Amino acid sequence: MTPGLLYALTGIALFALGLAGVILLRQTLRRILAFNLMGSGAFLVLVGLAQRGGVVDPVPQAMVLTGIVVAVASTALALALARRLAEDGHEDG
Amino acid sequence: MADTFLDPLPWLIILPLAWASLAFLVGEGRGGRLAVAGLAVQLALALILAVQVMAQGARVHAVGGWGASLGIDLLADGLSVAMLLLTQAVALPLAVYARAYFSEVAQTTFWPLAGFLLAALNALFLSADLFNLYVTLELLSLAAVGLVAMSGKPAQVDAALRYLLVSLTASGAYLMGVALIYGAYGTVSLAGLAPLVGADPPLITQLAAGLMLAGLLAKTALFPFHFWLPAAHGGAPAPVSALLSALVVKATFYMVLRLALGPFAALADDAAPLLGALGAAAILWGSWRALTTHHIKMLVAWSTVAQLGYLFLLFPLLEPGGAALRAGVMQAFAHGLAKAAMFAAAGVLMLSTGRDTLEGLAGVAGRVPVTLFAFALAGVTLMGLPPSGGFLAKWLLIEAALEQGQWGWVVVVIGGGLLAAAYVFKVLRQAFLLAPASAHFHRVPRAMEWSAFLLAAASVLIGLRATEGVALLGVEFGP
């Protein structure tokens, strides 16, 4: 098993865990964390699968960097909304 | 150099970003005039682009001179230009409407968010690769969620958070699909993938396509993923609901269509019966809920769930050069314009009566006749009566179904039209009742009434400009 494949398989496991978390958990904060887990899984697959013959491919790295920016922005928005709800006394977890 | 600078392609993305940022700088609640001016230029640019593409064929623009794979390519072909035209044509009257609406109702960040939303939409329709589609889709969702939460009311923030979590999960699934595709083929370019995937794709491609499709369907709010839509669309301020229902859900439909026509053509046949069945279920369930709700904007939002179903009926009937693709795009146009008109009209009715229930509508016929006429015209399009765009879309669908001997879809199309008639007439009937003595009506700015009317009239008249549309759609990107 190459390191790349190992990364990819770990990524798939993380993605599955995160997906289950977003769907099954009820608390908003945990669901936001679970979404981040999904994202990290996808990034690992992206970087891991693209490593062929030990040569590093720059394109997926650029994609992952972009993806991380998107994930940070989304998480910030989700947290801001969750906080707003909590302040209004609608906190569910 | 001058040619690159004057190319309308990048300007369709830069302009909304520019006026959105300026609107943010000039402060809360301002920037509407700027937005209307910017949108007028954008509509002109989209028209210029349509003429150019019809004359010279599809073309690619490398952003900043950096081509793929590390740079970003923008691609304009018939389908993407058609969607660009729809976006600007819906957004311009809505901006006029929103200026008047937000002079009545306090708002904070509508213009910046609307600008970012439109920039993301335009960029999405011009994307030439799977990853750029992902990024633009996320930008679109973030702006849309911001718009839903804008009013700050707990119910709206709750709906926005729910929408955001569905949206993030869905795009996570899509991103995983993109990662698997890149791992398998080493490219995410739509044009580059099509020959690589071939006629008999391996399991990893099927898995990737399945993940991407599931994510996109959840974002399109196709039955049974529609659960987040009525709360998010029905509760938001009227101009926001109109933008979301008319345009935002079309973006993910466009992506499904793009993928089914391009890289995943071989798999599209397998998914088609399922997509058609879900579309049929959406039409029946959405129409039924629209018929049984008591809130006017919820009625319009459930009607969106139903009308989205029609878009997915095209997949079982999709064949190269067939009527189904034209039907789908015509339905996207007709529903986009009609639903924007309907939400705009619903906003006027609610401002006028000060209530959001159907019962409260009694007597509005005499107070805001132009708006009620706009609502009825938009209803004509949703029902599919001639000569509206909705009629043409349903006619083309029926034609395609009959050609291929798939009778079942004909029943769904006609049944959905009858249900639409039922819920539209429910509103009209109530509006023509006599107002109770206690009723109190507010004055509504005329710009709101007439912009709703303009959108509704466009949704009916679009059926008469179908020839140009067909010619535009015929422009495909070829190597």
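Two residues are in contact here if their C-beta atoms, placed from the backbone, lie within 7 Å. Keep that cut-off in mind as we walk through this predicted model.

Let's start inside chain B, at Ala341(B). Leaving aside residues up to four places away in sequence, Ala341(B) touches Ala374(B), Ala378(B), Ala452(B), Leu455(B), Ala456(B) and Ser459(B). The largest nonpolar core holds 230 residues, and Ala341(B) is one of the four that touch the most other members, together with Leu117(B), Ala344(B) and Leu397(B). The top contributor to this core is helix 14 of chain B, spanning residues 323-353, which gives 22 residues.

Is Leu349(B) buried or exposed? Leu349(B) counts as buried because 27 C-beta neighbours lie inside 10 Å, and the cut-off for buried is 20 or more. Its contacts, again not counting residues up to four places away in sequence, are Ile296(B), Leu361(B), Val364(B), Val368(B) and Thr371(B). For a sense of distance, the C-alpha atoms of Leu349(B) and Glu28(B) are separated by 26 Å, with the two residues 321 apart along the chain.

Now turn to the place where the two chains meet. Chain A brings 32 residues to the contact and chain B brings 24. On the chain A side, helix 1 (3-24), helix 2 (28-49) and helix 3 (58-87) each supply at least two residues. Helix 3 of chain A has the largest share, with 16 residues. What is the make-up of the side of chain A that touches chain B? Its residues divide into 23 nonpolar, six polar and three charged.

Note on methods. Residues numbered from 1 in each chain as written. Chains lettered and ligands numbered in written order. Predicted model: local features only at pLDDT ≥ 70, side-chain atom pairs only at ≥ 80, totals over all residues. Helix = DSSP H or I, 4+ residues; strand = E, 2+ residues; numbered from the N terminus. Nonpolar A, V, L, I, M, F, W, Y, C, P; charged D, E, K, R; others polar. Core = buried A, V, L, I, M, F, W, Y, C linked by C-beta atoms within 7 Å. Buried ≥ 20, exposed ≤ 12 C-beta atoms within 10 Å, placed from the backbone.
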